[in-house]
Amino acid sequence: MAASGGSVFLLMVAGQIESAEFPEFDEIFCKYSFVYGQDWVITSGLEEGLTQITKKSQDERRIFVWNFPLDVTWKSTNPHGWPQIVVSAYGIDAFGHDVARGYGACHIPLTPGRHKSRVAMFVPESTSKLQKFTSWVLGRRPEYVDPRVIAQGEGREVTRVRSQGHVTLSFNVVNKDMKKLGYDVTAHDVSILPETTGTLTACFHFTGVYGRSTDSMMFPSYRRLRAH
């Protein structure tokens with residue numbers, strides 16, 4: 001649990017689940033949830049939510065538009081376990097069953113300001129053609145019992161998946177009191193991988209309580225790197 005008083009910093013995020021691209025489908029809705037470390041506590045806002053159902057636009061873009069609002073604030077004592085948002089897209093199949101259309105996740109941006117992420121989505125695959133046919137007939141296609149597992153590394157290497165669609169998210173990020181704890185997040189410290197991966201890689205520069213510069217901390221793997 002995060003401590004109270006002057007030993008914590010705040011992370012405030014407002015944004016939207018803007019739109020999605022799933023060319024093969026006509027109706028989609030999304031569920032979202034936040035995944036974060038044990039030192040983080042939500043002080044306001046919702047940890048998870050559900051969008052409305054939307055139809056594919058009739059213009060040349062052929063996208064699904066939600067503009068569903070996100071608004072949440074955390075407090076924490078350290079950046080380990082920096083929050084991620086997990087997005088799950090669902091639709092209705094020919095038999096009227098709710099089926100997963102895609103799963104994806106990305107970290108909340110580290111730097112203050114406005115950001116936009118295009119998250120690549122994927123779905124689990126059946127291990128054989130027989131299982132694939134059976135699941136199609138019964139309407140029980142492979143899906144995660146808890147979608148938040150995709151924000152973690154354990155067991156991912158044994159899951160067969162297939163890329164399918166993208167979801168676009170926007171974030172307005174504000175942080176407070178990070179410099180008081182020795183964390184300086186500035187634009188030149190951050191490098192973001194191509195947004196189609198939905199993966200965030202960035203560096204914190206840690207000054208330390210005695211003003212001595214140390215190595216940077218890398219997310220999400222937290223390897224030690226020399227500061228630029």
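The model is predicted. The protein has 14 strands and one helix, and 44% of its 228 residues are buried.

**Overall make-up**
- Among contacts with a separation of 6 or more, 70% are between residues 24 or more positions apart.
- The protein has an accessible surface of about 12,500 Å², and carbon and sulfur atoms account for 54% of that surface.

**Nonpolar cores**
- The largest nonpolar core holds 35 residues, and those touching the most other members are F22, I85, I108, L169 and F171.
- Two or more residues of this core come from each of strand 1 (9–21), strand 2 (27–35), strand 6, strand 7 (84–92), strand 9 (113–124) and strand 10 (161–176).
- Strand 6 is the leading contributor to this core, giving six residues.
- Setting aside neighbours within four places in sequence, L169 is in contact with Q16, I17, I85, V87, C106, H115, K116, S117 and V119.

- S57 lies in the loop that runs between strand 5 (54–55) and strand 6 (64–76).
- The relative accessible area of S57 is 15%, so S57 counts as buried, the cut-off being under 20%.
- The side chains of S57 and D59 are joined by a polar contact of 2.8 Å.
- Beyond its neighbours within four places in sequence, S57 is in contact with R62 and I63.

Conventions:
Residues are numbered from 1 along each chain as its sequence is written. This is a predicted model: local features need pLDDT of at least 70, side-chain atom pairs count only at pLDDT 80 or more; totals for chains, interfaces and linings use all residues. Side-chain values use heavy atoms; hydrogens and water are left out. Helices (H or I, at least four residues) and strands (E, at least two) are DSSP runs, numbered from the N terminus. Buried means under 20% relative accessible area, exposed over 50%, partly exposed in between (1.4 Å probe, protein chains only). A polar contact is a pair of N or O atoms within 3.5 Å; within protein, one must be able to donate a hydrogen and the other to accept it, and residues adjacent in sequence count only if both atoms are side-chain atoms. Contact means heavy atoms within 4.5 Å. A nonpolar core is a set of buried Ala, Val, Leu, Ile, Met, Phe, Trp, Tyr and Cys residues joined through side-chain atoms within 4.5 Å. Accessible areas come from the Shrake-Rupley method with a 1.4 Å probe; for residues, only the protein chains shown count as cover.
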